[in-house]
Amino acid sequence: MNLLKKHKTKRRILAGLLVVLVVAGLGIWKYLTPYAPEPAAETALISAGGVTVEKNDNWISFEPSAILGTSVIFYPGGLVKPEAYAPLAKKIAAAGHPFYIAKMPLNLAVIDGDAASDIIRVHPQQTFVIGGHSLGGVMASRYAAEHADELEGVYFLASYADEKGSLKDTTLSVLSVLGTKDEVVDRDKYNQGRSYLPSNTVYTSIPGGNHGQFGSYGPQKGDGTPSISEEEQQSSTARAMLDWLGNLR
């Protein structure tokens with residue numbers, strides 16, 4: 001009788017552990033579910049307007065018919081699929097700047113901060129700037145801090161540099177773009193991040209812009225309500241980036 005009770009108790013414990021593992025697994029799956037590209041992004045992935053779009057296992061390339069300036073490497077925001085940034089990439093590439101969106105494991109740039117290395121290696125005749133959105137920008141600055149001699153500049157979209165990505169002692173050109181309705185970016189870390197950037201950093205504010213509209217993946221949890229459209233925010237971002245790219249040393 002005691003042996004039978006022990007078996008029943010053991011089965012209950014195992015059943016309970018199984019339930020815990022299933023619930024934990026579902027929680028992790030839900031947490032790691034990325035923001036998917038909206039229709040505007042899917043359309044921008046089609047080669048058109050003098051820009052050829054191609055995908056490989058490691059990045060998405062937007063190649064202009066004529067290269068007129070510095071190439072751009074982009075690290076996506078955390079848990080955002082790289083395709084979601086196609087509209088912005090297309091605008092920059094259409095102005096003559098090849099644009100490469102890095103694909104990240106589990107859509108997290110923190111897992112592969114050196115993703116830019118292969119892009120640079122495969123395009124030896126090009127010069128590059130690197131940057132990204134949100135977490136992607138943080139990781140891009142860390143890469144730039146260790147490879148400053150390979151780059152012309154760094155840009156941040158709703159992002160900032162941390163101590164590991166300090167650029168203040170480099171000669172890199174730096175651009176920081178932030179929407180006034182952004183309620184996702186950590187303002188304390190953003191303000192602290194200014195101390196890790198060069199004194200000639202260009203800061204650009206987008207009135208009415210929020211965090212998520214730098215990409216095209218729908219509303220982001222916790223974000224502010226924008227007072228401008230996604231297309232307007234991306235057009236303003238593209239203008240700021242192109243002005244900055246045009247003034248690189």
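Which residues of H3 are buried? They are Ala-86, Pro-87, Leu-88, Ala-89, Lys-90, Ile-92 and Ala-93, where buried means under 20% relative accessible area with a 1.4 Å probe, protein chains only. Before going on, please note that this is a predicted model, in which local features need pLDDT of at least 70, side-chain atom pairs count only at pLDDT 80 or more, and totals for chains, interfaces and linings use all residues. Residues are numbered from 1 along each chain as its sequence is written, and side-chain values use heavy atoms, leaving out hydrogens and water.

Let us stay with this helix. Helices (H or I, at least four residues) and strands (E, at least two) are DSSP runs, numbered from the N terminus. Helix H3 covers residues 86-94, and because seven of its nine residues are buried, the rest of the structure largely encloses it. After H3 comes Gly-96, which has a positive phi near 105°.

What does H3 lie across? The helix lies across E1, strand E2 (59-64), strand E3 (71-75), strand E4 (99-102) and E6, and runs at about 30° to E2. Such angles run from 0 to 180 degrees between N-to-C directions, with axes fitted to C-alpha atoms, for helices over the stretch in contact; contact means heavy atoms within 4.5 Å.

Now look at the sheet itself. Eight strands form an open sheet with mixed pairing, in the order E1-E2-E4-E3-E5-E6-E7-E8; two strands pair if DSSP finds at least two bridges between them. Strand E1 (51-55) and strand E8 (202-206) stand at the edges with a single partner strand each, so one side of each has no neighbour in the sheet. On average, neighbouring strands of this sheet are turned by 15° against each other, direction ignored. Within the sheet, strand E5 (residues 128-133) pairs with strand E6 (residues 153-157) in the parallel sense over five bridges. You can find one of these places at His-133, whose bridge partner in E6 is Leu-157.

Next, find the loop between helix H1 (2-32) and helix H2 (39-44), where Pro-37 lies. Pro-37 is buried, with a relative accessible area of 17%. Leaving aside residues up to four places away in sequence, Pro-37 touches Glu-42, Lys-81, Glu-83, Ala-84 and Ser-216.

Key. Buried < 20%, exposed > 50% of the residue type's maximum accessible area, 1.4 Å probe, protein only.
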